[in-house]
Amino acid sequence: MAKSIFIDTTRCTACRGCQVACKQWHDHKAVPTKQTGTHQNPPDLTPNNFKLVRFSEHKIDGHVHWLFFPDQCRHCLQPACKATADMYVEGAIVQDEATGIVVCTEKTKKLTKEQCDEIIESCPYNIPRRNEVSGELAKCDMCIDRVQAGLVPMCVKTCCTGAMSFGEREDMLIKAKLRLTQAQADLE
């Protein structure tokens, strides 16, 4: 059955623990950044940043509100990135049958920059990134090695506020609907 991560954005404090845990688990190097006028850092996803807590500032009723969203691959049931990649190199992006996790493989090295750009553009969430040095596409792999070993992804394990949950997709959808109902009732 398909696995899924549910993110309750009402509980996210933008601690970025999920970002750091992802980077550590995948042994990704630091990415130099500079101030861009927001606390969001790094500015965007990269081949070395599979997860990013996005910051969005809004003025509501005269008060500034920070809204946070831990962004990563959604591991779509029918991933457009995989379908597009298969047009060029079969198996460049694969979907694990047991978990539904979508993974970029080393075969993405065989893709041209233009083909990679087309794959990235096919993703409705703008997630995959191309490594300019190796030519490979990279994105969140939902810590497939951990999941296959019966463990939760590192981002979920590290979430100190409990904003992130992991499990069967159907269970996460139920949890999301219940949380939405509760959050809407809290507003009334």
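Colleague: Does His 28 count as buried or exposed, and at what relative accessibility?
Modeller: Bear in mind that this is a predicted model, where local features need pLDDT of at least 70, side-chain atom pairs count only at pLDDT 80 or more, and totals for chains, interfaces and linings use all residues. Residues are numbered from 1 along each chain as its sequence is written, and side-chain values use heavy atoms, leaving out hydrogens and water. Buried means under 20% relative accessible area, exposed over 50%, partly exposed in between (1.4 Å probe, protein chains only). His 28 therefore counts as buried, at 19%.

Colleague: Which residues of helix α2 are buried, and where do they sit around the axis?
Modeller: α2 spans residues 80-88 (helices are DSSP runs of H or I, at least four residues; strands are E, at least two; numbered from the N terminus). Its buried residues are Cys 81, Thr 84 and Ala 85.

Colleague: How are α2 and α3 oriented to each other?
Modeller: They pack at about 155°, with axes 8 Å apart. Axes are lines fitted to C-alpha atoms, for helices over the stretch in contact (heavy atoms within 4.5 Å), and angles run from 0 to 180 degrees between N-to-C directions. Angles under 35 degrees count as roughly parallel, over 145 as roughly antiparallel, 65 to 115 as roughly perpendicular and the rest as oblique. α2 and α3 are therefore roughly antiparallel.
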